[in-house]
Amino acid sequence: MSVYLPENNITKIAKACHSPPENTQNYAVIYNMSVLFSSEGSGIQLSKSTCDAVDDCLGNPCGRNNICTDNIGSFTCTCLGGYSGSHCEVPPDFCVGHQCSNWSTCLTHFTNYTCLCAPGFKGRFCDTQIINGNWGSWLDWSECSKSCDGGIQYRVRHCTNPSPDPDGFHCVGSKTSERNCNPQECPVCPHYMTKIYSYKNKFNCTTNGDSISCIVTCQDGYTFVDTNFPLDKYECGPHTDYSWNSKKAPPCCRNTSPRNMRVTTLVSYDNVDPGEDEIIGNSVRDNAQGLRCIENSTCSISTQLVQSGNRKRRSSSATLALVLSTNISDENLNLDDFYAYNILSPGLLDFVNRILDVTMSVDQLNNSDILTANVSGKVYFPDMSSLTSVGNFTCPEGNIISNSLLCAECSVGTYWEDGRCALCPVGTYQDFTGQMSCKECPAGLTTFYVAANSSSDCTESKCPGGTFWENEECIWCPVGTYRDESESIFCKLCPAGFTTVNTSSERLSDCSKECPIGTHWENGRCKICPIGTFQDLTAAFSCKPCPHGMVTFHSGSNSSTDCKRPACQAGTYWGTGRCDVCPVGTYQDSVAQLACKQCPPGLTTLNTSSDSITDCIEDVTNQVKNKKTELESHIDTIIIAVVVGVVVIIVIICLIFMWKYREHLRQIARKRAFGSITSLDMVHPELTIYVPKTTPPVKRIFRPSPEQTFATDPHHSNTKDCSQDGNSTTHCQPPHDRNGSSEHNPSHNGHYTRDRRPSHERNLKTDRRSSNEHNLIIDHGLLHKYHEHCFD
């Protein structure tokens, strides 16, 4: 019996690997293995079947988006999308028909492709060009940092032509440029001591920038004459074109003493009887003999009573004139030494004494009864309310009164005339003081001004028009000034708003050129408008300021449109097209500046944007370095001290060792020496030394103790051991024999001491005696025993 099963049912049954459910129709009878094995020979035809329990397509071996077919123990891939290979692992070439542009390179990948752009392009398909930065035009040069002596100008440019993309390159090179400017030397005012100083002038000057202003007075002991006083102020600076406003200050005059001093005292008397006026004068003159100047013989006195009122009347008032006069010597006062060293010359001392005596005498008249007159018992009292004193001086010729006490010599450049010092006129000069006239210039020569004080002031001719005399030569009048030869010896300023085209202008009509736009008129010159201002009109007296908050890039601007840069505030400067803050270590105390100012050396700021020099404080870093240096110095000192101490200790140890070593050598030498004594004892057991008459006998061989000595008996050949008691009596003991025995055993009662002197000092000492020649026997055996007992 055979049942037909559809192929799909067979496949399902094979995959299920179990029998179909019972009572399931459309399924053929499936025989299990036991049935099959028992059906042999039953006429049933057997066929083989397989069962695969593993799905080989699990894990997607063919890759995503490809088809995997599970086989018995294997799988089959159906590749899609152009992929190939047993596992569809070989991708297709995605660069076929790519869209990469602008010389880019296509790179294919597993699922897509990318474009490697050539330089200068970007984007997915390299279709966008990269924009690199390019410099714009240079802006105008800044104002020169100095008007002279070499300054620096700056200019900037910006990377905006075009500006770089984020992926583009920035402009190559510096954004700033600089150049030197105004290399000419700065004009300076000549020093007043070389330009306007005259004899014994004293200057009190103040400086404000390039301008200097001086007040001229005289040194102590000197004064100006009333006809030649100095200006109120001597000035030099930019406003005077760096020239002093006067040729020279007048010289000072030496103060001298007057030749005579007179003090006239006037006082009134009432009810003076007729005929008693002279008697009153005589009485007062007699009373005045007690005045100080009369007693010191430094003045003379004269009186005169002037009767007033009606003399026919029985009595009237009268005025007494009492004159104190003193003559002063013409000796030099030497006021220079007095003011410099407080030294009173004889002439000055005499002058002071006379003035003091007369002054105190006038005080006596005011405070005593000297002016009270006694006429025949009638007393006339002065009216003290009417008392007046007037002094006057008489100066020698060539001198004038300079103050209330002293005279003054007419200075150089002047001469004495009618009691005054007159200035030497043009064409003359005077180089000495106290003269009565001026000296004429040589023929054909003249001076350019009055009060000339040297023959060198006389020159060949006057400077021509358009020039003026200075530094021994004629100099052209500067721009903005002129000089007509007939009018003045100095150049004059042009009227306000006008100037000259060139130097050396001679006439007022040369002052015709108006100041152009971008400039303004100042002190006879057209000056460029500074940064932050402009001038769009000619013949202007000032420049116009830019609108608030804006400034110009350069000086000399002639339009308001030039005001297009923000006015950077204090603490900032105009940098990269904006107002940048001043970095640490700098400050800026002005507005609209192109750079910041450096702090003084050794100072710095704590923060940026400092707007005052007071923000510059001492650099803490330098302080730390200094402290570190000091600490290192102290450490070095300690190390040096330790090293020196160690060296000293080593030297001391070496010295001790050397001393010990020398002592050791000495001990060896002693032993050798005593050995030689032993040998001498063996060879010469008895040695005789002959002592002449003039040589005293040996007093001792070894150095004794304080109570013991060794002496020799001139009548005995042996040595005795002697000692002295308190009564200066000598006691001697018998000497030792060769075996060391004696009446007194040295081992118990010996008082021998070792002679520690050097060998050359251990000589035999003798006492002078009048005895005949004698022999001294030295027993070397005995000596050796002494050595053994005393030294060992």
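Does Thr-223 count as buried or exposed, and at what relative accessibility? At 19% relative accessibility Thr-223 counts as buried, where buried means under 20% relative accessible area, exposed means over 50%, and partly exposed lies in between (1.4 Å probe, protein chains only). The model examined here is predicted, so that local features need pLDDT of at least 70 and side-chain atom pairs count only at pLDDT 80 or more, while totals for chains, interfaces and linings use all residues. Residues are numbered from 1 along each chain as its sequence is written, and side-chain values use heavy atoms, with hydrogens and water left out.Thr-223 is found in strand β11 (residues 222–223), strands being DSSP runs of E of at least two residues and helices DSSP runs of H or I of at least four, numbered from the N terminus. When residues up to four places away in sequence are not counted, Thr-223 touches Cys-218, Cys-252, Cys-253, Asn-255, Ser-402 and Ala-408, a contact being heavy atoms within 4.5 Å.

The largest nonpolar core has 35 residues, of which Tyr-269, Ile-280, Val-284, Leu-291, Leu-324 and Leu-371 touch the most other members; such a core is a set of buried Ala, Val, Leu, Ile, Met, Phe, Trp, Tyr and Cys residues joined through side-chain atoms within 4.5 Å. Elements that each supply at least two residues of this core include α4 (277–287), β14 (260–272) and β16 (316–327), and the largest share, 6 residues, comes from α7. Val-284, leaving aside its neighbours within four places in sequence, is in contact with Tyr-269, Leu-320, Leu-322, Ile-370, Leu-371 and Ala-373. A second, separate core consists of 16 residues, among them Cys-189, Ile-212, Trp-244 and Ala-249.

The structure also holds 11 salt bridges, each defined as a side-chain nitrogen of Lys or Arg within 4 Å of a carboxyl oxygen of Asp or Glu. In one of them, the side chains of Arg-292 and Asp-357 meet at 2.8 Å, N to O. Because Arg-292 lies in helix α5 (residues 292–295) and Asp-357 in helix α7 (residues 346–366), this pair ties together parts that are 65 residues apart in sequence. Arg-292 counts as partly exposed at 30% relative accessibility, whereas Asp-357, at 4%, counts as buried.

A salt bridge also joins the side chains of Lys-122 and Asp-167 (3.6 Å, N to O), and this pair links distant parts of the chain, with Lys-122 in strand β5 (residues 121–122) and Asp-167, 45 residues apart from it, in the loop between β7 (151–156) and β8 (176–181). Lys-122, with a relative accessibility of 25%, counts as partly exposed.
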